Amino acid sequence: MSSTADKGATKRSVTVTLDGSNRSASLPLVSGTLGPDVFDIRKLHGELGVFTFDPGYGATASCESRITYIDGDEGVLLYRGYPIEQLAEKSDFLEVAYLLLNGDLPDAKQFEDFHQGVTRHTMLHEQIRRFYDGFRRDAHPMAIICGVVGALSAFYHDSLDINDARQREIAAFRLIAKVPTIAAWAYKYSIGQPFMYPRNDLGYAENFLYMLNAVPAEQWQGNPILSRAMDRILVLHADHEQNASTSTVRLAGSTGANPYACIAAGIAALWGPAHGGANEAVLKMLAEIERPENIPAFIDGVKDKSSHHKLMGFGHRVYKNFDPRAKIMQQTCHEVLRELGIKDEPMLDLAMELERIALSDDYFIQRKLYPNVDFYSGIILKAMGIPTSMFTVLFAVARTVGWVSQWKEMIEDPAQRIGRPRQIYTGAPQRDYVPIGRRG
Ligand code: SDX
């Protein structure tokens, strides 16, 4: 294997024997730079004739990656080795985007070039405006951005050759630059206001807020504290290793599909309430609970499996401790409310009481269920005046950077092959076709 991870990965052989048979295979046990060792089982079927079974991929590393590391027991999240807490406090979204895409923090010249590369691509082709008219005004913005991002491949034929490094770079710039414009226009369309063209003199987060909130009839007054909060929210959501939407992007990309199609696939996967859709679902849940007195009954409901209800914004496949992003989110939430002069926000009080009750409940303690990134983000966004239907869209804007970085890493990995899982077949054994008149 000669992939990008070769420098970081070391291997030793371990012999695996099939119980009850005399068949054994020598499999490499691979150590990365951080995290548990993994068995490289690629030769397992060839040598022992068996596959592994891992629905939901809870025990399977699907790729080698150098981008993001999570220690779920310790609540650690690193982008290219840098702790999320440091990046959230000291860096900004565009610098983090450079880091995720390129592996290291930029020097001043590299950052200037990158900044230029992104801002030069913020506008959309004028024909794309017409797409919006084809949607109902009450369409969910996630439905719109999924369609419009996928359609970018019909406009930018000069960046579809995935084997050309420069074209990959241009596609990355286009996606990072245009997704906020596409997202803001989806919102403007839903409320019947004119589309606002991007302003390249503003920062990335500030421009996004501008396109969402400004109107041509009035001078727009930004708020640096809110822009900074938005930027931090984008940093916190930028990447999260092989989550469901990123894995979707990688799987789509493994077929050689163009980058715009792959990111559209990621957006579709993100929309689900178990994933990025949870931030919107948290607010609906809080509205449903309404008052602190109703929390115990609600908690009883989510513990009852037949209810099919979950405590939204709680639990995580990898974090079995606090999601470090949730802590920063809670802090940011207080800052935003202070800035906006909101002394009393019943929804925040309700969320904090819900968190307190859940964290002291045996059901949640035993299953190690903690608040995740989505628990507080909705409350901040709501306070900032962002409509609920845009919460997941905002997640998608930020995660586009992670998706593009992971897609690029995959394409540049010589060990990359089409993703193609196997299955345990439990259907009917082979049988002969019987004409309809002779059945039953
Ligand atoms: C994101 O993967 C990522 O990295 C995603 C993400 C990213 O940045 O990309 O971090 C973003 O998607 C955050 C997660 C947002 N989703 C939610 O907040 C929805 C509510 N949470 C869940 O549905 C759930 O916790 C998941 C989907 C997040 C994780 O699911 P897992 O890993 O498959 O966990 P599980 O369903 O196997 O749960 C284990 C047990 C089960 O109970 P038992 O069958 O053992 O009795 O915990 C229970 C679950 O029923 N459980 C919950 C619960 N989450 C898990 N019970 C009540 N409420 C919950 N929220």
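A salt bridge is taken here as a side-chain nitrogen of Lys or Arg within 4 Å of a carboxyl oxygen of Asp or Glu. The model is predicted, so local features need pLDDT of at least 70 and side-chain atom pairs count only at pLDDT 80 or more, while totals for chains, interfaces and linings use all residues. Residues are numbered from 1 along each chain as its sequence is written, and side-chain values use heavy atoms, with hydrogens and water left out.

The structure holds 18 salt bridges. One of them joins R250 to E409, with the closest N and O atoms 2.7 Å apart. This pair links distant parts of the chain: R250 belongs to helix α10 (residues 244–253) and E409 to helix α18 (residues 391–411), 159 residues apart. Helices here are DSSP runs (H or I, at least four residues), numbered from the N terminus. R250 has 8% relative accessibility and therefore counts as buried; the term means under 20% relative accessible area, against over 50% for exposed and partly exposed in between (1.4 Å probe, protein chains only). E409 is also buried, because its relative accessibility is 8%.

R291 pairs with E290, the closest N and O atoms being 3.5 Å apart. R291 is partly exposed at 39% relative accessibility, and E290 is exposed, with a relative accessible area of 53%. A further bridge is made by E353 and R356, at 2.9 Å from N to O. Both residues lie in helix α15 (residues 346–359), three residues apart, which is about one turn of the helix. E353 counts as partly exposed because its relative accessible area is 24%.

R168, K408 and E412 form a network of salt bridges. N163 sits in the loop between α6 (141–151) and α7 (165–191), and its relative accessibility of 65% makes N163 exposed.

Helix α18 also packs against other helices. Two packed helices are described by the angle between their axes and the distance between the axes. Axes are lines fitted to C-alpha atoms, for helices over the stretch in contact, and angles run from 0 to 180 degrees between N-to-C directions. For helix α3 (residues 93–102) and α18, the axes come within 9 Å and cross at roughly 20°. α3 is therefore roughly parallel to α18; angles under 35 degrees count as roughly parallel, over 145 as roughly antiparallel, 65 to 115 as roughly perpendicular and the rest as oblique. The crossing of α3 and α18 is right-handed, a term for a near helix turned clockwise from the far one by less than a right angle. In contact (heavy atoms within 4.5 Å) are F93, A97, L100 and L101 of α3 with V397, A398, V401, V404, S405 and K408 of α18. These residues divide into eight nonpolar, one polar and one charged. Ala, Val, Leu, Ile, Met, Phe, Trp, Tyr, Cys and Pro count as nonpolar, Asp, Glu, Lys and Arg as charged, and the others, Gly among them, as polar.

Helix α11 (residues 259–270) meets α18 at another angle: the axes come within 10 Å and cross at roughly 135°. That makes α11 oblique to α18. This crossing, too, is right-handed. On α11 the contact residues are P259, C262, I263, G266, I267 and L270, and on α18 they are T392, F395, A396, T400, W403, V404 and W407. Ten of the contact residues are nonpolar, three are polar and none is charged.

Technical notes:
Helix = DSSP H or I, 4+ residues; strand = E, 2+ residues; numbered from the N terminus.
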